[in-house]
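Hi everyone, thanks for coming.

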Amino acid sequence: MLLNYDRMGGLQWVLVFITVLVSLFLILPVVFIIALSFGSSQWLVFPPPGWTLRWYQEFFADPRWMAAFWTSAKIAVLVMIFTTALALITSFALVRGRFRGREILRAAFLTPMILPVVVVAVALYAFFLKIGLNGTMTGFVVAHMVLALPFAIIPISAALAGFDKSTEDAAIVCGASPWEARLRITLPSIRHGLFAAMVFSFLISWDEVIIAIFMASPSLQTMPVRIWSSLRQDLSPVIAAASSLLILLTLVLMLLAALLRKKAN
Amino acid sequence: MSAAQTRRERRQGIGLAIPAMLVLAVFFVMPVVSLLLRSITEPEFGLQNYATLIATSTYAKVFWNTFMVASVVTVITIILGYPVAWMLSVLPGRWAAVVFAVILLSMWTNLLARTYAWMVLLQSTGVINRSLMALGIIDTPLPLINNLTGVTIGMVYIMLPFFILPLQATFRTIDPSTLQAASLCGAGRWQAFRRVLLPLSLTGVLSGGLIVFVMSLGYFVTPALLGGTSNMMLAEMIAQLVQSLLNWGLGGAAAFVLLVMTLALYAMQVRYFGAPGQEKS
Amino acid sequence: MSDPFLSIRNLGKSFGSVRAIEDVTLEVPRGEFLTFLGPSGSGKSTTLYAIAGFLSPSQGDVHIDGRSILDLPSHKRNIGMVFQRYTLFMHLSVGENIAFPLRVRRRPAKEIDAKVDEMLALVRLEGYGDRMPAALSGGQQQRVALARALAYDPQILLMDEPLSALDKKLRDEIQFEIKRVHEQTGVTILYVTHDQEEAMRLSDRIALFNNGRIEQVGTGQQLYNEPLTRFSAAFMGNSNFIKTEVMARQGNFAAARFPDGTVVKGVPVHEQAGGGAESVLMVRPENILIETRNEGSGLPATVTNATFLGDCQLITARTSWGEDITVRSVLAPGEMGTAARGEAVRLIWPNAGSYLFL
């Protein structure tokens with residue numbers, strides 16, 4: 001009875017009530033931000049007295065915001081490419097390899113995922129200061145790559161593990177060299193895993209705050225960094241506009257990933 | 001031919017992992033280790049930095065704040081999240097999909113955007129205070145921001161999805177016929193809950209709670225933005241020590257403490273509940 | 001004598017301390033359909049994979065047309081292979097699947113198109129070129145796999161239990177197709193299966209594998225009627241193994257005495273090395289005659305079970321020392337049975353249909 005929705009009796013109403021409350025709790029701030037970004041009040045009054053596109057115009061007109069936007073985009077794309085490539089070959093080792101300590105290695109690769117990001121950020125900050133990579137594009141990309149790697153390895157190795165190696169062997173027997181077989185047969189077959197890895201690594205870099213704060217320099221700022229420093233000064237609605245754009249992009253990419261996953265099933 | 005070939009075949013495949021291993025070794029392991037080394041070598045060799053952390057009231061307070069907030073956040077998350085996870089596992093398909101979408105959307109929305117939303121909402125002239133005053137519940141605005149209350153509210157908001165999603169998976173593994181069997185045996189609803197459902201869902205609760213606790217300990221963005229400077233939490237303290245005060249020794253020490261706590265709790269998690277290794281979605 | 005087309009010499013493969021195959025030697029003439037038959041784990045797939053190049057043998061050599069292929073990587077051996085699990089390239093169409101080996105060999109487009117059509121016709125799937133593999137049935141997918149394997153005119157076609165994933169009716173159908181394709185193309189085929197009926201239906205010869213070694217090689221008839229070892233006799237068809245004691249032995253024949261004193265003379269003998277087990281006399285159920293007059297020569301026994309199976313009667317008869325012997329009696333039209341339960345009978349069989357395994 002307790003696990004049967006229709007036979008719960010009074011309990012059902014209690015649970016539904018709490019669920020609705022929590023769901024509203026979870027969704028309202030997101031809606032709120034998006035609404036604020038179109039509100040005409042500069043003091044973030046809600047409900048807003050009027051509607052306007054002014055904050056978006058300000059955003060797109062501001063060279064610093066635009067610079068931050070493109071910096072974020074550049075870094076995220078580079079992170080996406082390098083992380084996915086690295087995760088791909090690593091997954092081959094983790095899935096196909098037969099060596100001692102394979103499971104330990106797999107766990108080791110997942111470690112950046114579980115450690116507090118601030119520790120990683122500070123450690124890399126110190127290291128990059130020493131070797132002069134701080135405030136550089138390279139430093140940024142490498143730092144984000146370390147963070148994103150586990151999130152790329154997981155879907156790719158899952159896809160690779162689910163792929164029957166005999167198909168690759170069949171391609172080899174047909175005359176393709178091992179690498180040709182992997183390129184023409186294996187890769188297309190695991191493309192849903194590759195897409196997931198690309199989306200995840202892109203988003204992780206795009207949304208990343210802490211490492212970005214440490215890696216940033218006055219001339220190299222990502223969107224999250226700009227938002228962060230703006231937030232510490234005032235709460236202008238332009239930030240709401242910037243945030244809404246961030247939300248939009250994430251939403252689009254997540255929907256894309258979900259759609260591709262459904263198609264793969 | 002045999003011995004060498006067998007050895008070669010046994011080491012087969014590790015080659016492709018080497019680039020990633022190098023990247024992680026140079027850009028992850030080494031920096032972290034070197035940071036920790038600095039904690040015992042700066043300004044001079046020894047454990048003074050750790051002693052300072054414990055002895056100085058300002059730093060000790062930060063540890064205390066962090067621990068307390070993490071605990072409170074965990075408890076509140078469990079209380080709010082348990083019913084939702086329960087409901088999510090029994091809701092008919094369409095509604096479940098809606099709730100799922102809400103949770104996922106909230107989880108994947110940019111962290112800064114979400115925290116910013118709370119910054120606006122929790123202000124003294126913000127929506128929450130004004131609505132409460134309009135309803136006559138309070139006369140003067142509640143201080144909901146720049147203190148640990150605001151941090152707690154914000155953190156619960158962030159952590160709920162991380163608790164609800166794994167827990168509802170646990171709920172789904174519980175066979176409803178166990179409860180039917182219990183009621184056939186004569187158990188009333190409260191008893192069935194206390195003796196059957198609760199124990200069966202407990203591993204999910206504890207494991208999820210542990211995840212939330214560990215994450216809260218090390219969280220940076222939300223506490224930094226919603227808390228005041230007098231209520232700093234551990235992550236922000238580490239950042240400040242290193243970036244503003246350039247005190248690598250102390251900052252490294254604090255980072256090491258956080259690291260050890262995280263690893264210890266994670267090890268506990270793996271030992272009792274199995275490795276999570278879940279992807280976010 | 002010219003070199004046989006395919007020559008497998010002393011092939012051996014160990015995985016650590018486990019010997020998967022040992023001392024496998026076989027000569028296969030061009031165009032033969034040879035089946036590797038045996039229980040799971042007997043080494044047949046291992047041998048096949050060594051020939052394909054997915055395993056490097058620990059010892060031995062494999063020659064095709066006089067040349068060793070072991071120094072060639074898999075993709076240069078020009079061998080066709082059909083796997084158990086179809087292994088079609090799901091993201092390519094049927095036509096593209098078949099074309100794949102030709103594209104990899106950089107053949108001109110016209111040649112590829114012609115060959116694809118030819119192959120589709122060969123496996124009787126004309127017009128299926130544009131379909132995707134996921135839209136095909138299991139049997140159709142396996143036929144595409146066959147077409148793909150033959151598209152580049154390989155020297156040898158390897159087939160690793162290709163029909164075990166199909167249901168019985170489909171299996172019979174595809175067996176027929178495989179046989180037809182073999183006759184039409186004349187390609188040398190090495191076929192792996194654990195189903196002895198399938199082996200007998202399809203092959204020119206059968207190599208029986210047991211525990212990593214080849215137990216016996218021969219035609220289906222040879223393996224069935226002249227099994228050289230206990231294992232061969234037991235694996236092919238059904239056999240009775242009756243406890244006996246060997247008496248006078250003259251060359252390849254001996255006399256055997258059963259525990260109840262009955263003596264049989266002139267039985268062909270097969271020595272089996274390293275037996276350790278007691279001697280047995282093997283005789284097939286269909287070779288035993290039931291003599292209902294309980295007198296004369298023959299082994300005395302009592303019928304404990306008699307089942308009418310339509311075309312024959314399956315009888316279990318128990319000897320005086322408690323061993324059960326199965327007899328398969330073909331019935332004449334209208335005949336209901338040769339013996340009834342409880343009847344005391346005598347079992348007779350010709351010496352040519354029995355063997356003594358020491």
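Predicted model: local features only at pLDDT ≥ 70, side-chain atom pairs only at ≥ 80, totals over all residues.

Okay, chains first. Where chain B meets chain A, the contact takes 71 residues from chain B and 68 residues from chain A. What sort of residues does chain B bring to that contact? On the side of chain B that touches chain A, there are 54 nonpolar, 12 polar and 5 charged residues.

Now look at where chain A meets chain C. Here 16 residues come from chain A and 18 residues from chain C. On the chain A side, the elements giving two or more residues are α8 (165-173) and α9 (178-189). Which one gives the most? That's α8(A), with 7 residues. And by class, this side of chain A has 8 nonpolar, 5 polar and 3 charged residues.

Let's stay with chain C and talk strands. There's an open sheet of 4 strands, in the order β2-β1-β4-β5, and the pairing is antiparallel. At the edges you'll find β2 (18-28) and β5 (67-68) of chain C, each pairing on one side only. Inside that sheet, strand β1 (residues 6-15) pairs with strand β4 (residues 59-64) of chain C in the antiparallel sense, over 5 bridges.

Next, go to strand β6 (residues 79-82) of chain C. A quick reminder: in a regular strand the side chains alternate between the two faces of the sheet. Strand β6(C) pairs with strand β7 (residues 156-160) of chain C in the parallel sense, over 4 bridges. In that pairing, C:V82 has C:M159 of β7(C) as its bridge partner.

Strand β18 (residues 312-319) and strand β19 (residues 324-330) of chain C pair in the antiparallel sense over 7 bridges. Here C:A317 has C:I325 in β19(C) as its bridge partner. These two strands make a hairpin with 4 residues between them, and in that hairpin C:G322 takes a positive phi near 90 degrees.

Over to helices, in chain B. Helix α9 (residues 176-184) and helix α10 (residues 189-218) of chain B pack at an angle of about 140 degrees, with their axes 10 Å apart. That angle makes α9(B) oblique to α10(B). The crossing is right-handed. Who's touching whom? From α9(B) it's B:T178, B:L179, B:A182 and B:S183, and from α10(B) it's B:A192, B:V196 and B:L197. By class, that contact has 5 nonpolar, 2 polar and no charged residues.

B:L246 has a phi of about 55 degrees, and C:E161 has one of about 45 degrees. B:L246 lies in the loop between α12 (234-243) and α13 (248-273) of chain B. C:E161 sits in the loop between β7 and α5 (168-185) of chain C. Buried or exposed? B:L246 counts as exposed because it has 8 C-beta neighbours inside 10 Å. C:E161 counts as buried because it has 21 C-beta neighbours inside 10 Å.

Note on methods:
Residues numbered from 1 in each chain as written. Chains lettered and ligands numbered in written order. Pairing = 2+ DSSP bridges. Axes fitted to C-alpha atoms, helices over the stretch in contact; angles between N-to-C directions. Parallel < 35°, antiparallel > 145°, perpendicular 65-115°, else oblique. Left-handed = near helix turned anticlockwise from the far one by under 90°. Contact = placed C-beta atoms within 7 Å. Nonpolar A, V, L, I, M, F, W, Y, C, P; charged D, E, K, R; others polar. Buried ≥ 20, exposed ≤ 12 C-beta atoms within 10 Å, placed from the backbone.
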